[in-house]
Amino acid sequence: MKMIIKKAIAVFSALMIFGAGSLQTSGLSPMGRQKLLQEQTFQIEEYYITVTTFENVNSLEVVPLANTFEKSGSKTYTAKNADKKTLFTFTVHGTFSVNKGVSASCKKATCSYSIADSAWEKKSMSAICSGNKAIGNGEFIKKLLFITVDSLSPRVVLNCDSNGNLS
């Protein structure tokens, strides 16, 4: 009996060591990572806008076998100038409850931003849930000598369909 317990402990320890090693060598954090789903770039006047959709992937997650599960991800709006230098990014983060093949509903929506060009600043931002969408609205302004000379107002919508697909 003691031998079986010792072997079980040895096997469990080996799994923990090799599992942790694979997390470190693959560059994953134990909390998870993001998987790029889609990216598109378009132009608004002299600005280049890239909208990128990510799905949060838990490195320890097993494909859900149940019909109901949670899905989360984000969609980022990146504004660049004519030289393709980033001005700012605005991201909406969404968490969804999915009843596979039947429905999806937004449970939580938040937003975040970062400024890369000091001439730009955030004027306002908000995030809401609406049905199966996480919606982020922001307003960013460009100032020269304390005078607003330009603005961009991203509206970023992260959708989740009834199968848990984000777009």
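## Two buried phenylalanines

Phe 90 and Phe 140 are both buried, a term that stands for under 20% relative accessible area, while exposed stands for over 50% and partly exposed for what lies in between, with a 1.4 Å probe and protein chains only. The model is a predicted one, in which local features need pLDDT of at least 70 and side-chain atom pairs count only at pLDDT 80 or more, whereas totals for chains, interfaces and linings use all residues. Residues are numbered from 1 along each chain as its sequence is written, and side-chain values use heavy atoms, with hydrogens and water left out.

## Overall architecture

The chain has one helix and nine strands, where helices (H or I, at least four residues) and strands (E, at least two) are DSSP runs numbered from the N terminus. Along the sequence these elements follow the pattern α-β-β-β-β-β-β-β-β-β. Of the 167 residues of the chain, 31% count as buried.

## Aromatic side chains

A pair of aromatic rings is described by the distance of the centres and the angle of the planes. Rings of Phe, Tyr and Trp (its six-membered ring) pair if their centres lie within 6.5 Å, and planes under 30 degrees apart count as stacked, over 60 as edge-to-face and the rest as tilted. By this rule the count comes to six aromatic pairs. In one of them, the rings of Phe 90 and Phe 140 have centres 5.9 Å apart and planes at 65°, so this pair is edge-to-face. Because Phe 90 lies in strand 4 (residues 86-99) and Phe 140 in strand 7 (residues 133-144), the pair ties together parts that are 50 residues apart in sequence.

Both phenylalanines also belong to one aromatic cluster, which is formed by Tyr 47, Tyr 77, Phe 88, Phe 90, Tyr 113, Trp 120 and Phe 140. Another ring, that of Tyr 48, has Lys 84 lying over its face at 4.4 Å from the ring centre; a charge sits over a ring if NZ of Lys or CZ of Arg is within 6 Å of the ring centre and within 35 degrees of the ring normal.

## The disulfide and other cysteines

A search of the whole structure finds one disulfide, defined as a pair of cysteine sulfur atoms within 2.5 Å. The bond is formed by Cys 106 and Cys 129, whose sulfur atoms are 2.2 Å apart. The torsion about their S-S bond is about -45°, so the disulfide is left-handed. Since Cys 106 lies in strand 5 (residues 103-115) and Cys 129 in strand 6 (residues 120-130), the pair ties together parts that are 23 residues apart in sequence.

Cys 106 counts as buried at 12% relative accessibility, whereas Cys 129 is partly exposed, with a relative accessible area of 35%. Cys 160 is in no disulfide, and the nearest cysteine sulfur, that of Cys 106, is 9.1 Å away. At 1% relative accessibility, Cys 160 counts as buried, and Cys 111, at 18%, counts as buried too.

## Salt bridges

The structure holds two salt bridges, each being a side-chain nitrogen of Lys or Arg within 4 Å of a carboxyl oxygen of Asp or Glu. In one, Glu 55 is joined to Lys 71, with the closest N and O atoms 2.7 Å apart. This pair links distant parts of the chain, as Glu 55 is in strand 2 (residues 47-57) and Lys 71 in strand 3 (residues 68-80), 16 residues apart. Glu 55 is buried, with a relative accessible area of 13%, and Lys 71 is buried as well, with 15%.

Lys 107 forms a salt bridge with Glu 70, the closest N and O atoms being 2.6 Å apart. Lys 107 lies in strand 5 and Glu 70 in strand 3, so this pair ties together parts that are 37 residues apart in sequence.

## Surface patch and loop residues

Leu 144, Leu 145, Ile 147 and Val 149 form a nonpolar patch on the surface, with about 440 Å² of accessible area together. Patches are made of residues with over 30% relative accessible area and no salt bridge, like charges being joined within 9 Å and nonpolar side chains (Val, Leu, Ile, Met, Phe, Trp, Tyr) within 5 Å, and accessible areas come from the Shrake-Rupley method with a 1.4 Å probe, where for residues only the protein chains shown count as cover. Val 149 lies in strand 8 (residues 147-152) and counts as partly exposed at 45% relative accessibility.

Leu 145, in the loop between strand 7 and strand 8, counts as exposed at 78% relative accessibility. The phi of Leu 145 is near 50°, a positive value in a residue other than glycine. Glu 45 likewise has a positive phi, of about 55°, although it is not a glycine. Glu 45 is found in the loop between strand 1 (33-44) and strand 2, and at 63% relative accessibility Glu 45 counts as exposed.
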